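Hi,

Here is the structure I promised to pass on. Have a look at it first, and then read on for what turned up.

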Amino acid sequence: MKNLQLDGEKKRIFSGVQPTGNLHLGNYLGAIKNWVNLQNDIFSIFSIVDLHAITVPQEPLKLKSSTHEVAAAIIASGIDIDKSILFNQSLVKEHSELAWILNCVCRIGWLNRMTQFKEKAGKNKENATVGLYGYPVLMAADILLYKSTHVPVGDDQKQHIELARDIASSFNNMFTSDNEEDFFTLPKPQIIGEAKRVMSLRDGTKKMSKSDASDASRINLTDTKEEISNKIKKAKTDPHPLPSTLQELKDRPEAHNLLSIYSSLSDQTLEKVLKEFSGKGFSYFKPKLIDLAVETLNPISLEMRNLLKDTNQIDKVLKNGAQKAREIAEPVLKDIKNLVGFIN
């Protein structure tokens, strides 16, 4: 499998998604759609990060089910498993091994600055697990294990990429001599597309989330044509016609969200979409958005259902992907252990 070996002259991306099930439009536009586009030009490694999932309590059977569902969604969306690598994280032990080594490089002060831990732990910080506190180090290990050059992320994940860069730089300083080339490349965030952060259909100031109590706040990838249509019809709007400039969208979060979704689904700039719908009302715009959303998402939903009829086949895909991933990860970790001073 020579085509999977590391090539320092080429771009390489790693990206992961948690197997929390119930993937929605925000996951598709913010990550999976970009993955599909990137795989044609850049060697791509995609992981269902089940080790990250257990940083908060999980029901074992539900975790397995969610892993299957997420894998089905990724494949149904257009990831080519012959062109890209797809696997679940826990099948590749090198992720955990490297995370421990990087835990001994990362500084407490760096982790204390991570805003997502504060948000997830909330007022219960003393009862949060060590895993939840330290999972950004595992994320850094995920990225650095494959010497990734770029990481497709949403705006809310940029801080974690900065931490991965800090850890990589610190490792290079600690274990690479002055006359040697740095071991790790510093990975760069790659934010693509108009809908970088998809918001709730019920409140344009809140991110679309699977944890929202209202199912009407999101479009799930498993939704039927009728469900997609009804949710967009009932999506919150304002009474004004659609504007012609980005500046006019500034204080109209719901309008901005729906137009951004249309922009991303249609692969057009937001400016071009504004030009098309300027002066129109939502009664004109929403049916157009419904048609586009159904056209894009319904085939994914149907293929997901088909794939989930045989989870053994999904398991086979993930195990094959893990084998390919380990062909890259093993020699990288071996080099790291040599640098640290371990006897291999």
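Which residues do ring pairs link into a cluster? They are Phe171, Phe175, Phe183 and Phe184. Before you go further, bear in mind that this is a predicted model.

Across the whole structure, a search gives 12 aromatic pairs. One of them joins Phe171 and Phe175, with 4.8 Å between the ring centres and 45 degrees between the planes. That makes the pair a tilted one, because stacked would need under 30 degrees and edge-to-face over 60. Both residues belong to helix H8 (residues 158-175), and since they are four residues apart there, about one helical turn separates them.

Next along is Thr176, which is found in the loop between H8 and strand E5 (188-190). Is Thr176 buried or exposed? With a relative accessible area of 11%, Thr176 is buried. If you ignore neighbours within four places in sequence, Thr176 touches Phe171, Glu181, Asp182 and Phe183. Two of those contacts, Phe171 and Phe183, bring you back to the ring cluster.

Rings also turn up with charges over them. The charged end of Arg107 sits over the ring of Trp110, 5.8 Å from the ring centre. Lys280 does likewise with Tyr284, lying over the face of the ring at 4.9 Å from its centre.

Now for the helix packing. Helix H11 (residues 253-266) packs on helix H12 (residues 270-277) at an angle of about 110 degrees, and the axes are 9 Å apart. Angles from 65 to 115 degrees count as roughly perpendicular, so that is how H11 and H12 are described. On the H11 side the contact is made by His256, Leu259, Ser260, Tyr262, Ser263 and Ser266, and on the H12 side by Leu270, Val273, Leu274, Glu276 and Phe277. The crossing of these two helices, H11 and H12, is right-handed.

Helix H3 (residues 60-77) and helix H13 (residues 282-307) also pack together, at about 130 degrees and with axes 8 Å apart. H3 and H13 are therefore oblique to each other, and their crossing is right-handed. From H3, the residues involved are Glu69, Ala72, Ala73, Ile75, Ala76 and Ser77, and they meet Ile300, Glu303, Met304 and Leu307 of H13.

Cheers

Methods
Residues numbered from 1 in each chain as written. Predicted model: local features only at pLDDT ≥ 70, side-chain atom pairs only at ≥ 80, totals over all residues. Heavy atoms only, no water. Phe/Tyr/Trp six-rings, centres within 6.5 Å; stacked < 30°, edge-to-face > 60°. Lys NZ or Arg CZ within 6 Å of the ring centre and 35° of its normal. Axes fitted to C-alpha atoms, helices over the stretch in contact; angles between N-to-C directions. Parallel < 35°, antiparallel > 145°, perpendicular 65-115°, else oblique. Left-handed = near helix turned anticlockwise from the far one by under 90°. Contact = heavy atoms within 4.5 Å. Buried < 20%, exposed > 50% of the residue type's maximum accessible area, 1.4 Å probe, protein only.
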